[in-house]
Amino acid sequence: MHPNDPSLRSFVEVVPSSDFPIQNLPYGVFSTAATPSPRVGVAIGKFVLDLSEMERAGKLGEGLSDVFASPSVNPFMAFGPVAWTETRARISALLRHDNPELRDDTALRERALIPLEKAKLHLPLAVSGYTDFYSSREHATNVGVMFRGKDNALQPNWLHMPIGYNGRASTVVVSGTEVLRPHGQLKPPSADVPWFGPCKRLDFELEIGVVIGQSSRMGERLTECQAEAMIFGFVLLNDWSARDIQQWEYVPLGPFQAKAFATSISPWIVTREALEPFRLHGPAQEPEPLAYLRQTKANNYDLRLEVGLRAARMKDYVTISNTNFKYMYWSSVQQLVHHASSGCTMNVGDLLGSGTISGSEKHQRGSLLEIGWNGTEPVELAEHTRRTFLEDGDSVNILGFCQGDGYRIGFGSVEGTIVAS
Ligand code: MN
């Protein structure tokens, strides 16, 4: 049976609302108190399956040569799409309810199936490079209306290519890492000269991160099919942004320090293969893109997204945005094709941010800049607790999942709390 078959069941208990049924099998890196060295596993229900143990026990086939004992998925990704498919099928078979191989091997099960609450989750990949795009038409339009007015909302280049900038790989962190409020040069339009101090307009950005699992050569351009085959999987991504630093620094070369201080990702990489049943066509592209950017396949995904915000003294998150990855104008495949189009080398472990994901409705906005309309429409979290931007002690939590028939392919969450600098 195909690993995506909705009727598959595991001997590991998985409730329908779980993010991690047997149809998902996302890759992550974890450690335990008993075995502190980080290694690769997949999530199943409320457990992580230790792939380094399974490999050592000879259960994953020949040729992978200890890749899962690594502190990142990069060595595994380097093996390429055929190995990804075979390994996923093998793991799926090992976890099936009707396969006694692991199910009835008590000693191996004890070693290899670890309760998630005993696992410390690490950054799942060694990030080679981080590039952030700007590919939601609704987000670009909202920001454009705020800063340039309705008539010039979209820049003239926007409908012709996926706009992006080269971000910092060095400050990509895993969910749960505290985010220090950045310092920077600030100069509101009303001030004559800038000063240096803590950011006052700190924001989140709801994004999906694409994990590149294969490299391209310098000078090599990519077709749609080649680009797709290089995508290993997807994570939730929060592209923390200092709006006031950005406003003063971004002309003429784009964001720099405003985006360099932290980018958070979820600990589990959901594979492209697990998302196959949820593919759909993105919005119609008019004008038609140049030939190298045209796509024939349905490269968008029906992936539901939710953002929660919580002030320090609040117990629960308040949902402040509900949207969907399917609205993106430029697909991840088009972003990757464009990224390599000049001859730029792509590497195993490159991370591409989708750009802030907003829908057309007010409740679908993917940043506080848009939700609070540049500080003019505060969002109410609780009595006497309103926000236009993030305050110290605030936590942001992003969730995402694709809903199947009786199961969901979930991403877990990416969470972060702002601390004073
Ligand atoms: Mn961004």
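At 0% relative accessibility, Gly366 counts as buried, where buried means under 20% relative accessible area, exposed over 50% and partly exposed in between, computed with a 1.4 Å probe and with protein chains only. The model is predicted, so local features need pLDDT of at least 70 and side-chain atom pairs count only at pLDDT 80 or more, whereas totals for chains, interfaces and linings use all residues. Residues are numbered from 1 along each chain as its sequence is written, and side-chain values use heavy atoms, with hydrogens and water left out.

### Surroundings of Gly366

Gly366 sits in the loop between strand S22 (351-353) and helix H12 (368-371); helices (H or I, at least four residues) and strands (E, at least two) are DSSP runs numbered from the N terminus. When neighbours within four places in sequence are set aside, Gly366 is in contact with Phe204, Glu205, Leu206, Ser321, Thr356, Ile357 and Ser358, contact meaning heavy atoms within 4.5 Å. Gln247 lies 119 residues from Gly366 along the chain, and the C-alpha atoms of the two are separated by 19 Å.

### The manganese site

One of the contacts of Gly366, Glu205, is also a ligand of the metal: the manganese ion is coordinated by Asp132 (OD), Glu205 (OE), Glu207 (OE) and Asp239 (OD), at 2.1 to 2.2 Å. Along the chain these donors follow the spacing D-x72-E-x1-E-x31-D. Glu205 belongs to the loop between strand S12 (202-203) and strand S13 (206-212), and Asp239 to the loop between strand S14 (231-238) and strand S15 (241-242), so the pair ties together parts that are 34 residues apart in sequence. Donors here are N, O and S atoms within 2.8 Å of the metal (3.2 Å for Na, K and Ca), and because water is not among the atoms, sites may look incomplete.

### Helix H11 and two serines

Nine of the nine residues of helix H11 (residues 332-340) are buried, so this helix is largely enclosed by the rest of the structure. The buried residues of H11 pack against strand S6 (130-133), strand S7 (164-167), S13, helix H7 (224-230), S14 and S22. Ser332 lies in H11 and, leaving aside neighbours within four places in sequence, is in contact with Val210, Ile231, Phe234 and Phe325. Ser216, by comparison, is located in the loop between S13 and H7, where it touches Leu222, Met230, Cys344, Thr345 and Met346, residues up to four places away in sequence not being counted.

### Backbone features and accessibility

Two cis peptide bonds can be described, one joining Val251 and Pro252 with omega about 5°, and another joining Glu286 and Pro287, also with omega about 5°. Pro252 is placed in the loop between helix H8 (243-249) and helix H9 (257-260), and Pro287 in the loop between strand S18 (279-280) and strand S19 (300-301). Most residues other than glycine have a negative phi, and most peptide bonds are trans. Phi is near 40°, a positive value in a residue other than glycine, for Ser65, which is found in the loop between helix H1 (51-56) and helix H2 (74-78). Phi of Trp373 is likewise positive, near 40°, and Trp373 is found in the loop between H12 and strand S23 (379-382).

The table gives the accessibility of several residues named above.

| Residue | Relative accessible area | Class |
|---|---|---|
| Glu205 | 3% | buried |
| Asp239 | 0% | buried |
| Ser216 | 5% | buried |
| Ser332 | 5% | buried |
| Ser65 | 60% | exposed |
| Trp373 | 22% | partly exposed |

### The chain as a whole

The chain contains 12 helices and 26 strands. Its radius of gyration is 22 Å, close to the 22 Å that the globule rule gives for 421 residues, so the chain is as compact as a globular protein of that length; the radius is taken over C-alpha atoms, and the rule is 2.2 Å times the number of residues to the power 0.38. Taken along the principal axes, the C-alpha atoms fill a box of roughly 70 × 55 × 35 Å. Buried residues make up 55% of the 421 residues, and of the contacts with a separation of 6 or more, 72% are between residues 24 or more positions apart.
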